[in-house]
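Reader: Could we go through this model together? I would like to ask about it piece by piece.

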Amino acid sequence: MSIEIRSPADGSVVGVVSDQQPNEVTEAVERLREHQTSWENIGFAERARWLRRYRDWLLDNEDQLARILQSETGKPWAEATIEVPYAADVINYYSKHGQRFLTEETPRAHGPMTLTKRQRAVHRPYPVAGVITPWNFPVALSLMDAIPALLAGAAVVVKPSEFTPLAISTALAGWAEIGAPPVLTCLTGAGATGAALVDAVDYVQFTGSTRTGTAIATRAAERLIPCGLELGGKDPMLVLSDADLDRAANAAVWGGICNSGQMCTSVERIYVEAPVYEDFVNRVVARVRELRQGTDGPVGAAGAGFRYDVGALANQAQAEIVRRHVDEAIQAGAKALVGGKPAGTGTFFEPTVLVDVDHTMACMREETFGPTLPIMKVANADEAVRLANDTPYGLSATVFTRDTEHGERIARRLEAGAVNVNDVFTNLFALPLPMAGWKQSGMGARNGGAHGIRKYCRTQAIVSSRVAPRSEPMWYPYRPLRGNLVRRLTRFVMARDLRRRLGLR
Ligand code: ADP
């Protein structure tokens, strides 16, 4: 069985992949298991060496990967070329610091029972990690999780979205091409393939919808395996009256419309303090009007790259959601100051600015994942915070104010895993910080320095006796004399005042 991949820009077939069946998934995972032990045993330095070679292969093949990515996603060239560098950055970060993050710990004894023992906490990988990814950033989202898992010593299966498997399967084929050990593979297929993967692996890292994430977490719980989930978002932007409006407007437009708004952390709704509302809206509208929408190609080729700012939506279902959110809002009294409807052929949707919106509308409550910027006027920062938190999601948020301290105080009142002050989703590039969705936006975190690699490990406690007499005072047989002595001694050590130490009460 196979799946046809179509270009969202014009509907043409751009590739075919096999629809891998549950038994093929199980067999592939078993094959990985056979090679994982030696991958773990070669040690971190050797694993990092393979990852660095892989980084070089990715960079050498960047243009080819971007071209394939464009064909299956409809992204403009500028956006198709950001995924490989992101993966390279993750490789550089974790191959540089991973050894330290995985160093075993040797804590000191804290009480008499372990005084003569050597204690170690050893980070050992889950043998096989499954990475299940969506269609918006097929290469970056797959690699950013696969890389730390591989460096931890796990074998990894990536199951990309059935809409966008072409660039990532080519990227993963590069692993074999450099001659690396066979511990990284790609399995293509739809939901059933993903479900079979959850049934076969030892850890699941998922990026995608809250609905599918819930199904995966439920199945993972039944199997008692851990999972990490990065799910949907409805990220708010707060624009306070002292904000640099030029920067705020530029950030809103790029943050909301980049990748056609199909980004879990994109700006999905904006709250602006009344005194600057009109000025801000005018600036946003002016910039959105300047955006060029279409499909370009690599630099130098016909249709020279970097010619367009906004591409197509990734598939018809997504285009339908965006259309519904905009139509419903307009019917309920909102106004589209620019855009507001599908554009041309394929799944293009005009970059859209909506005003006169409120929280009864889907465009302010549900994840739109489209090139839309609904903007709402608020009386003050308190109202902005209240509305920003009025959502089941909690992925990230943005605050614009010239007073950074005030911005950070506002950040601490927002229910979101990350808050960017005077910027949009830069936290994604802050690899030492955790990227975690709160509420319905996720479970666990990726990145976050040591956490990002240790999450792929089970921590093992190893306790060795440095002094090993024939027997221990607590062992059999129980005798009154020795038993009482042990009791007195433990009491002497555990108590924190003299009377109790001496057993006087
Ligand atoms: P979308 O954002 O299109 O709704 P999903 O969140 O449903 O995407 O899917 C994201 C990824 O999860 C895709 O690779 C998809 O094939 C996979 N998937 C869908 N259903 C399941 C499931 N029940 N178990 C595991 N993976 C699934």
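Reader: Is the crossing of α5 and α6 left-handed or right-handed?

Author: The crossing of α5 and α6 is right-handed. A crossing is called right-handed if the near helix is turned clockwise from the far one by less than a right angle, and left-handed if anticlockwise. Helices (H or I, at least four residues) and strands (E, at least two) are DSSP runs, numbered from the N terminus.

Reader: Before we go on, what kind of model is this?

Author: This is a predicted model, in which local features need pLDDT of at least 70, side-chain atom pairs count only at pLDDT 80 or more, and totals for chains, interfaces and linings use all residues. Residues are numbered from 1 along each chain as its sequence is written, and side-chain values use heavy atoms, with hydrogens and water left out.

Reader: At what angle do α5 and α6 pack?

Author: Helix α5 and helix α6 (residues 138–152) pack at about 15°, and their axes are 8 Å apart. Axes are lines fitted to C-alpha atoms, for helices over the stretch in contact, and angles run from 0 to 180 degrees between N-to-C directions. The two helices, α5 and α6, are therefore roughly parallel to each other. Angles under 35 degrees count as roughly parallel, over 145 as roughly antiparallel, 65 to 115 as roughly perpendicular, and the rest as oblique.

Reader: Which residues of α5 and α6 make the contact?

Author: From α5 come E83, Y86, A87, V90, I91, Y94 and S95, and from α6 come P138, V139, A140, L143, M144, I147, P148 and L151. Contact means heavy atoms within 4.5 Å. By class, the contact of α5 with α6 has 13 nonpolar residues, one polar and one charged. Here Ala, Val, Leu, Ile, Met, Phe, Trp, Tyr, Cys and Pro count as nonpolar, Asp, Glu, Lys and Arg as charged, and the others, Gly among them, as polar.

Reader: And how do α2 and α5 pack?

Author: The angle between α2 and helix α5 (residues 83–101) is about 165°, with the axes 10 Å apart. That makes α2 roughly antiparallel to α5. The crossing of α2 and α5 is left-handed. Residues of α2 that meet α5 include F44, A48, L51 and L58, and residues of α5 that meet α2 include V84, A88, I91 and Y94. The contact of α2 with α5 contains twelve nonpolar, four polar and three charged residues.

Reader: What about α2 and α7: at what angle do their axes cross?

Author: Helix α2 (residues 44–60) and helix α7 (residues 166–177) cross at roughly 130°, their axes coming within 10 Å. The helices α2 and α7 are therefore oblique to each other, and their crossing is right-handed. In α2 the residues are W50, L51, Y54, W57 and L58, which meet T170, A171, L172, G174, W175 and E177 in α7. Eight of the residues in the contact of α2 with α7 are nonpolar, two are polar and one is charged.

Reader: New topic. Where is T401, and is T401 buried or exposed?

Author: T401 sits in the loop between β15 (396–400) and α15 (404–411). T401 is buried, because its relative accessible area is 0%. Buried means under 20% relative accessible area, exposed over 50%, and partly exposed in between (1.4 Å probe, protein chains only).

Reader: What does the side chain of T401 join through a polar contact?

Author: A polar contact of 2.8 Å joins the side chain of T401 to that of D242. Such a contact is a pair of N or O atoms within 3.5 Å; within protein, one must be able to donate a hydrogen and the other to accept it, and residues adjacent in sequence count only if both atoms are side-chain atoms. Leaving aside neighbours within four places in sequence, T401 is in contact with residues including L240, A243 and N422.

Reader: Where is C258 placed?

Author: C258 is in the loop between α10 (245–257) and β10 (267–273). C258 is buried, with a relative accessible area of 6%. The C-alpha atoms of C258 and P371 are separated by 7.6 Å, although the two are 113 residues apart along the chain.

Reader: Finally, how many helices and strands are there in the protein chain?

Author: The protein chain has 18 helices and 21 strands. Of its 505 residues, 55% are buried, and its C-alpha trace spans about 90 × 55 × 35 Å along its principal axes.
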